[in-house]
Amino acid sequence: MLTRLKRIEGQVRGVHQMIENDRYCVDILHQISAIQSAINKVSLALLEDHTTHCVANAIKGQDGDAAIEELMSVMRTMTK
């Protein structure tokens, strides 16, 4: 996860430099699209980890309803 985030940081710095160097807008937009895709992958990995660990444990411990509601709230936020 940290490796992915460091890669995203590098991509963002690259876009910053592209803008400073007045690069072609379409090239910048392609890089931004790649950053968004990478962020989505990190989000999904975190969501999967949360679901398979935290939510599953809450369900086993009888706190499932609250954990599921929290999970659904996060899903609603992520899909806006």
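The accessible surface of the protein comes to about 6,400 Å², and 57% of this area belongs to carbon and sulfur atoms; accessible areas come from the Shrake-Rupley method with a 1.4 Å probe, and for residues only the protein chains shown count as cover. The structure is a predicted model, in which local features need pLDDT of at least 70 and side-chain atom pairs count only at pLDDT 80 or more, while totals for chains, interfaces and linings use all residues. Residues are numbered from 1 along each chain as its sequence is written, and side-chain values use heavy atoms, with hydrogens and water left out.

The protein has three helices and zero strands, and from the N terminus on its elements run α-α-α. Helices (H or I, at least four residues) and strands (E, at least two) are DSSP runs, numbered from the N terminus.

The overall dimensions come next. The C-alpha atoms fill a box of roughly 55 × 25 × 15 Å, taken along the principal axes. The radius of gyration of the protein is 18 Å, whereas a compact globule of 80 residues would have a value near 12 Å. This radius is taken over C-alpha atoms, and the globule rule is 2.2 Å times the number of residues to the power 0.38.

Of the 80 residues, 16% count as buried. Buried means under 20% relative accessible area, exposed means over 50%, and partly exposed lies in between (1.4 Å probe, protein chains only). Among contacts (heavy atoms within 4.5 Å) between residues at least 6 apart in sequence, 47% join residues at least 24 apart.

Met1 counts as partly exposed because its relative accessibility is 44%. Together with Leu2, Leu5 and Leu46, Met1 makes a nonpolar surface patch of about 400 Å².

The loops remain to be described. Asp22 is found in the loop between helix 1 and helix 2 (25–60). Its phi is near 55 degrees, a positive value in a residue other than glycine, and Asp22 is exposed, with a relative accessible area of 69%. In the loop between helix 2 and helix 3 (64–78) lies Gln62. Gln62 has a positive phi of about 70 degrees although it is not a glycine, and with a relative accessible area of 70%, Gln62 is exposed.

Key: Patch = residues over 30% accessible without salt bridge, like charges linked within 9 Å, V, L, I, M, F, W, Y side chains within 5 Å. Salt bridge = Lys/Arg side-chain N within 4 Å of Asp/Glu carboxyl O.
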